[in-house]
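Please examine the sequence and the model shown here before reading the briefing.

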Amino acid sequence: MIGSSPASAELLIRITEGADSAIPVAVVPFSEVGVLPAGDKISRIVQDDLSMTGEFRPLPAEKMLSLPSKGEDVYFRDWRLLGQRYVLVGQLTRKGDKVEARYELFDVNREERIMGATASSSVNSTRSLAHHISDRVYEAITGVPGAFSTKLAYVTLQRSGGDALYRLQVSDVDGKRARVRLESDEPILSPAWSPDGEKLAYVSFETGKPAIYIHELSSGNRTRIADFPGLNSAPAFSPDGRSLLLTLSKDGNAEIYKMDIQSRSLKRLTDHWSIDTEPTWDHTGEGFFFTSDRSGGPQIYHKSGEQAAPRRITFGSRYNARPRADNDGKYIYYVHQRDSSFHIARTDLRTEEETILTRTGSDESPSISPNGRMLIYATKQGGNSVLTVIAADGGAAYSLPASEGDVRDPAWSPIVR
């Protein structure tokens, strides 16, 4: 069976650990003019977005001394008394089939307005409006673009008796508004986003063997782009979206290839008796990281260009695999074995210092947020596979378990302006 369906059960968000250094921020419930949709409250979503990063500690509304909706009603003395660094206030107005939000962010200590804007959305897209506001607030405070309007792709697995059902899904970063993009009784693996956020590449076994597909999310059109004899795996879009890195064993050994998507022409980038796999582009778009066992066990290597010699990056254990680079060229993230446990670790590419980021013991498939501040990975929790998001330095965490079955292979979308 192969197909798709418009919607599925959402992931559940469960914050498991906060950060001691989190910044106190008050997201005051927005005032409302006109009839607005019941359920999702924009200010509550903004509060939850900021909280999930671990960088902020929102003040519960019941502890607020007042509920201002515009700047002239903000009394800084009250917010200092409550220990707040920032205050966000706003108004929501229904205008036909649109909702308009006017919002302002204040620095309590300096007693000044640091950001104010107006944004709108359709009545049915208030979650998108809330995530947009969260992005603006996050950037105003940290100087780093927010990633709340981005998406997560992941694979869920449900078992019933001896049958398995795999679903490729896309959701908001908080697990809400999940949609099934592909459904199959054969495995789906390794989703990867195009740089414009409009397509996914992935591996599907729907024909009984692994093949790589490119899936246009708006139309649902799918193209089988690699179906060579043997292994077809681990696709990764280039930063310009014109080519893919992938692993093929069509010539007898697993090697890294580059495919021009339009012409389907191939260029072999590694040539070694070992297994070379799991490629990912570096921040320059010229070089790439990959996993190879050429040193006797899986380790991370880097090639700075197509003709460059591979350079070994990891040395801290006998097993390091599934590399994922950040967008700034500072760090490489990967799965790291320590004794009998598998963690997510990162190496500073300037100092070569290695840091183990997770304390769970069956971690896999790391994916870094496009702003470099959060990391999502799959792990085990209570016998089930769940997704966990942590600060990129290993701080605060929240988990996204599926309401049914297991969830795995997360991929964080790019920021699309």
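Predicted model: local features only at pLDDT ≥ 70, side-chain atom pairs only at ≥ 80, totals over all residues.

Residues are numbered from 1 along each chain as its sequence is written, and side-chain values use heavy atoms, with hydrogens and water left out.

**Overall form**

- The protein contains three helices and 32 strands; helices (H or I, at least four residues) and strands (E, at least two) are DSSP runs, numbered from the N terminus.
- The protein is as compact as a globular protein of its length, because its radius of gyration of 23 Å is close to the 22 Å that the globule rule gives for 417 residues. The radius is taken over C-alpha atoms, and the rule is 2.2 Å times the number of residues to the power 0.38.
- The C-alpha trace spans about 70 × 45 × 40 Å along the principal axes of the protein.
- Of contacts (heavy atoms within 4.5 Å) between residues at least 6 apart in sequence, 43% join residues at least 24 apart.

**Surface and charges**

- Of the 417 residues, 52% count as buried, that is, under 20% relative accessible area with a 1.4 Å probe, protein chains only.
- The accessible surface, from the Shrake-Rupley method with a 1.4 Å probe, comes to about 18400 Å², and 45% of it belongs to carbon and sulfur atoms.
- The mean positions of the 50 positive and 55 negative charges are 1 Å apart. Lys and Arg count as positive and Asp and Glu as negative, whereas His and the chain ends are not counted. Each charge is placed at NZ of Lys, CZ of Arg, CG of Asp or CD of Glu.

**Strand β26 and its partners**

- Strand β26 (residues 341-348) is mostly covered, with six of its eight residues buried.
- Eight bridges pair β26 with strand β25 (residues 331-338) in the antiparallel sense; two strands pair if DSSP finds at least two bridges between them. His336 stands opposite His343 in β26.
- Two residues separate β25 and β26 in a hairpin, and Asp339 in the turn has a positive phi of about 60°.
- β26 also runs antiparallel to strand β27 (residues 354-356), joined by three bridges, and Ala345 stands opposite Ile356 in β27.
- The hairpin of β26 and β27 has five residues between the strands, and Glu352 in the turn has a positive phi of about 65°.

**Strands β7 and β8**

- Strand β7 (residues 98-107) pairs with strand β8 (residues 112-122) over 10 bridges in the antiparallel sense, and Glu100 stands opposite Ser120 in β8.
- β7 and β8 form a hairpin with four residues between them, where Glu111 in the turn has a positive phi of about 55°.

Terms used. Buried < 20%, exposed > 50% of the residue type's maximum accessible area, 1.4 Å probe, protein only.
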